[in-house]
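Me: I would like to go through the packing of this protein. Please show me the sequence and structure.
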Amino acid sequence: MKPASIAAQALGWLDEETRGIAPPIHTATTYIRDPDNQYRSGRIYSRDQNPTYDQAEAVLTALEGGHGSLLFASGMAAATAVFQAFAPGDHVIAPKVMYWSLRNWLMNFATHWGLVVEFIDMSSPDALRSAIQPGKTKLVWIETPANPLWTITDLAVSCEIAHAAGAVVAVDSTIGTPVLTQPLALGADIVMHSATKYLNGHSDVIAGSLTARVDSPLWVRIRSIRAQLGGVMGPFEAWLLTRGMRTLFPRVRAACVSAQAIAEHFSHHALVEEVLYPGLPGFVGHDIAKKQMQGGFGGMMSIRVRAPKGGAISGEAAAIAVAANTQLWKRATSLGGVESLIEHRASIEGVGTPAPGDLLRMSVGVEDTGDLIDDLEAALLRAQG
Ligand SMILES: *Cc1c(COP(=O)(O)O)cnc(C)c1O
């Protein structure tokens, strides 16, 4: 079966009890013990043993080509579980351009925990080679394409460098999605998703996931971190996630086609300074993206708004005015839903952001491409004053 078929039928599981083709939602928090004191059902307590997780985790494992998956209460709960599996004194390397809230946690909490965190330009294999310390570096964290500049990191090359030094590689593949990128096949050890985004796809569930390439002491440790820290999903959210993943392929494919057209349309526009999109031939990292992303370059892009002639307002003020003037593009954070979103990124990321002030981050949904282009055209014009 092709991945698109796996997702569409969520592996084709039936509810054996009723023969229903949609799974039930299991709300029980605890399970009956056998009279002889055994737990033959394999379930004791629902903190990390809720049966509603099983199908979503199995679908993710199949789509990523891994050994197993774990759902978490959020992408942040999933990502931080990976870092917490390491010990004080361990050296970990993360990208300078990455999801801002995780960067923030790494700077302000992981360091208190005793992790030695080093931020590098992850798009440069040479930077990774010179930062990695054989025996001391335990984890390399990669995000590709990376928020909010869509910086591309070569997964195969980075995994080779990391593994040669004895480090594990974890990849935040939220933007790539299992539709476009297979990090495990390229050598990564763990894939993380903010399932809040494309996997669920409807802006109505906060969720995260990890998938491991193989079973390992690290994976066992991550599994017990989830069980003990309890950053778990509710059964209803897990059920919604399974439902959302059934349309993952058509949603992501539509977003890719639309994003490519929108990026091309605005890349030579008088009111736009620059379009950042991995699908544009002139984009740094385009060739690597082409090599490791199949079927499209994702639904995420950014534009940098040009300051109006005459210098009355800055590029940043113009960008904020553009976001204020869109109708169809909704002015909100987050991404990966069926509705298109636009956001002035520097103001949400704050200090340390790599986003220039004139940058608008755009999550392309599944609306009509022409409507999205017209709406942005009109907003760019209105922002001129
Ligand atoms: C949203 C996001 C996260 C965090 O996920 P939550 O589900 O919001 O906790 C991590 N990485 C990327 C790339 C994201 O877009």
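Reply: A nonpolar core is a set of buried Ala, Val, Leu, Ile, Met, Phe, Trp, Tyr and Cys residues joined through side-chain atoms within 4.5 Å. Buried means under 20% relative accessible area, exposed over 50%, and partly exposed in between, with a 1.4 Å probe and protein chains only. The model is predicted: local features need pLDDT of at least 70, side-chain atom pairs count only at pLDDT 80 or more, and totals for chains, interfaces and linings use all residues. Residues are numbered from 1 along each chain as its sequence is written, and side-chain values use heavy atoms, leaving out hydrogens and water.

Me: Which residues touch the most other members of the largest nonpolar core?
Reply: This core has 66 residues. The residues with the most contacts to other members are L241, I262, V275, M301, I303 and L376.

Me: Which helix gives the most residues to this core?
Reply: Helices (H or I, at least four residues) are DSSP runs, numbered from the N terminus. The top contributor supplies 8 residues and spans 248–266. That is helix α10.

Me: Where does this core lie relative to domain 1 and domain 2?
Reply: Domain bounds come from an automatic or database domain assignment. Domain 1 (10–245) and domain 2 (248–383) both give residues to the core, so its place is between them.

Me: How many residues are in the second, separate core?
Reply: Its members include V82, F83, A212 and I225. The count for this second core is 29 residues.

Me: What share of the residues of the protein is buried?
Reply: The protein has 385 residues. The buried share is 53%.

Key:
Helix = DSSP H or I, 4+ residues; strand = E, 2+ residues; numbered from the N terminus.
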